[in-house]
Amino acid sequence: MARRLPAAVVAVAVLAPIPIVPASRPTAAATPAAGELTLWYRRPAPQWDHALPVGNGRLGGMVFGGVRSERIQLNEDSLWVGGPRETDNPEARAHLDEVRRLLFAGRPREAAALAEKKSMGRPNRLDPYQTLGDLRLAFEQEGTPEDYRLELDLDTAIARVSYRLGGVRYTREVFASAPDQVLVVRIAADRPGQVSLSAGLDRAQDARTEVVSPERIDLSGALSGGRGMSFQASVRVLAEGGRLDAFPERAEVEGADAVTLMVAAATSYRGGDPRAIVEGHLLAAARKPYDRLRADHVADHQRLFRRVDLHLGPSGGAAALPTDERLERVKRGERDLGLDALYFQYGRYLLIASSRPGDLPANLQGLWNDSLHPPWDSDYHLNINVQMNYWPAEVGNLAECHEPLFDLLESLRAPGRKTARIHYGAGGFVAHHITDVWGFTSPGDRPRSGLWPTGAAWLVQHLWEHYDFGRDRAFLARAWPVMKEASEFFLDYLVDDGKGRLVTGPSVSPENRYQVASGEVGVLAMGPSMDTQIVRGLFTQAIRTSELLGVDAPFRARLLATREKLPVERIGRHGQIQEWVLDYEEPEPGHRHISQLFALHPGDQITVRGTPELARAARATLERRLRHGGGHTGWSRAWIMSFWARLEDAEKAYENYQALLARSTLPNLWDLHPPFQIDGNFGGTAGVAEVLLQSHAGEIHFLPALPRAWAEGRFRGLRARGGVEVDVEWKAGKATAAVLRAHVTERHRLRAPAGQRIAEIQVGGRRLDLAVDGDLAVAALAAGQTYEVTFR
Ligand code: FUC
């Protein structure tokens, strides 16, 4: 087989660089109040999923904060077992019609049995993303530490440990620098000659450690599975004063004033020799004094992080408490408005730390994984999870952090073309419910989860979202072939259901089951509603794109004609949006996936004002799911928050946000599936934004679902579709002022919060002409201008 370039490398060449609308200058003071953006603890992390994450998109570290020993668990985002493989199943195509026939005939069990044998990829499993290893530090210290504190400052992206011991104040700072591509650890004391430590690097398997000199430790190896990817992590030890020594397993420093350790790591995934890459990073970083490394890191992080401020009201006494104690209070039903805001900003922090341009996208655990066999391989699940990771990217003013997802999508095109042809005899490209960094697009796992052909079609809608927020036409032009190719697949693949409707299938409503009249339980189905909604969304965006770009009119006509034949949304016997074409009973009515509401969120096919009847049915769907115990995974709960926000039910949105914090959040504020899974963090962050600002229904809606608990607050820098940055202030539950910074010239419909009206809009000291109709105002905004909105 010809050597295939790593997926990410190919992808970057095709889609990058992606220009981003520059962040405008902050309007309010950007320096956050001390402590407001800090997670902190009175004791070291007792276990891995309580430790504090740092990351630069590619390198990750988990900081435990021990006094006598520190463990910093390390990750490099491309350390995946496996490699490019032929996993398409040449038998699948020949059995496609029979599986469909059985499903149309109401025989789902036989269909699933046949699909299990003939329709799935071979093999149908992925190899895991793995831990890189651990940096271990040991300190020669006796006695009981006083005044201990472990913290993560989201504003500087620095984890810090400090304590007093034997009259000496020790501080430890850890950060992962994107500009310098090293993870930096600095240990200092407030008295000279007090820092003594030993340092080592290890990994449970496939690696060996060499203490090259007292100043250099190497960990190098090759993964035993897959293509045997090679990797290296190295530490450089720089002591200020003191004595250095090397032992077979560790480097030692005795009596230094301070010690800086720099960790660089690389794998062969991106091409090049990991050793040489590491060498380059360490050499360059060692030329900078610690203060420079730190200042460059902080500036780089703040360029992204400080684009958005959020204040949701005072925390009362809670603000002075450690984060784990604050969370305990929320579990007891108390409110902590500061924690509400902190969780939102933590999601933005985590996205910056795990998804930088040119790197791999955030996986099920973002970037952080301490295991060789993580849950679900710490892979990319395309049936909600990886998409949820990116829900806060655009609205949260981190559009460039979205780019790795586009690269992943690009990497699926070539293999997905083959899968489309081999499995379905179709053109275009397809991906199913899981993928990795090697371009896996075959149906993976079991039919119940894996025989689901709309993974890529959903991902493609992220390209449209990126355009819709930023209005970068050049980006849209690059996205068009991807949208077109994803659409081509469905033009070939959709099948007539005998009633003139075109449906997907064999497919699933992600991971859910239904019951036919005979009592038989089905997993596979023809035309599950989510598929139809995804295809409709894809076609609608593709139609719009071809119009905007003025390209491919004949193809557009085909999409328009085919879209007409998609099944319409149906309301079932419980008043719910039907999950399948038929109104089946469900064995698990509280199922964690609420796929049939894709059209409500993240889609925009169901809206409160555009489709009121469907919006009522969406409400009934949610209520039924929740009555039966829905929302029990963190990501499911987070999604529910956004659903309620879209239905403009502020109190329900807030209730579910509190449930996310109380039931599905670890002391380090990581989301729990359980176990730890990062999607809920990102979903919760997106949910908060959705409560404060919406722009999916052709209008910018200020405070669409503001809960009573957040009576007074303000945000700065959220983005709305149409190239606008938005600030809003409110008091006693009423918007008092808003600012719009337009990056493109466009007419906007602006909707005031419920019960309010837009009083006027000023630009450069003059009043803007407004067409006001009730709570709606229409205004033409010009690129580069700042508009001040007042409300009544
Ligand atoms: C989906 C979900 C599971 C889990 C897994 C990683 O398949 O149904 O709950 O989140 O992804």
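## Ligand contacts

In this predicted model, a polar side-chain atom of Gln677 is placed 2.9 Å from an oxygen atom of the ligand. His673 also brings a polar side-chain atom to 2.6 Å from a ligand oxygen. For Asn385, an N or O atom of the side chain is 3.1 Å from an oxygen atom of the ligand. The protein buries 99% of the 290 Å² that the ligand exposes when taken alone.

The shell around the ligand consists of Leu364, Trp376, His381, Asn383, Asn385, Glu511, Arg592, His593, Trp635, His673 and Gln677. By residue class, this shell comprises six polar, three nonpolar and two charged residues.

## Aromatic pairs

Across the whole structure, a search identifies 30 aromatic pairs. One of them joins Trp80 and Tyr380: the ring centres are 5.5 Å apart and the planes meet at 20°, an angle under the 30 degrees required, so the pair is classed as stacked. Trp80 belongs to the loop between strand S4 (69–76) and helix H2 (92–104), while Tyr380 belongs to strand S18 (residues 380–381); the pair therefore ties together parts that are 300 residues apart in sequence. Both Trp80 and Tyr380 are buried.

A further pair, formed by Tyr343 and Tyr657, is edge-to-face, with 5.9 Å from centre to centre and 75° between the planes. Because Tyr343 lies in helix H7 (residues 337–354) and Tyr657 in helix H18 (residues 650–663), this contact ties together parts that are 314 residues apart in sequence. Tyr343 has a relative accessibility of 0% and therefore counts as buried. Tyr657 is likewise buried, its relative accessible area being 0%.

## Ring cluster

Ring pairs also link several residues into a cluster, whose members are Trp48, Trp368, Trp670 and Phe676.

## Charges over rings

Conventions. Residues numbered from 1 in each chain as written. Predicted model: local features only at pLDDT ≥ 70, side-chain atom pairs only at ≥ 80, totals over all residues. Heavy atoms only, no water. Phe/Tyr/Trp six-rings, centres within 6.5 Å; stacked < 30°, edge-to-face > 60°. Helix = DSSP H or I, 4+ residues; strand = E, 2+ residues; numbered from the N terminus. Buried < 20%, exposed > 50% of the residue type's maximum accessible area, 1.4 Å probe, protein only. Near = heavy atom within 4 Å. Polar contact = N/O pair within 3.5 Å; in protein donor to acceptor, adjacent residues only side chain to side chain. Areas by Shrake-Rupley, 256 points an atom, 1.4 Å probe, with all protein chains shown as cover. Nonpolar A, V, L, I, M, F, W, Y, C, P; charged D, E, K, R; others polar.
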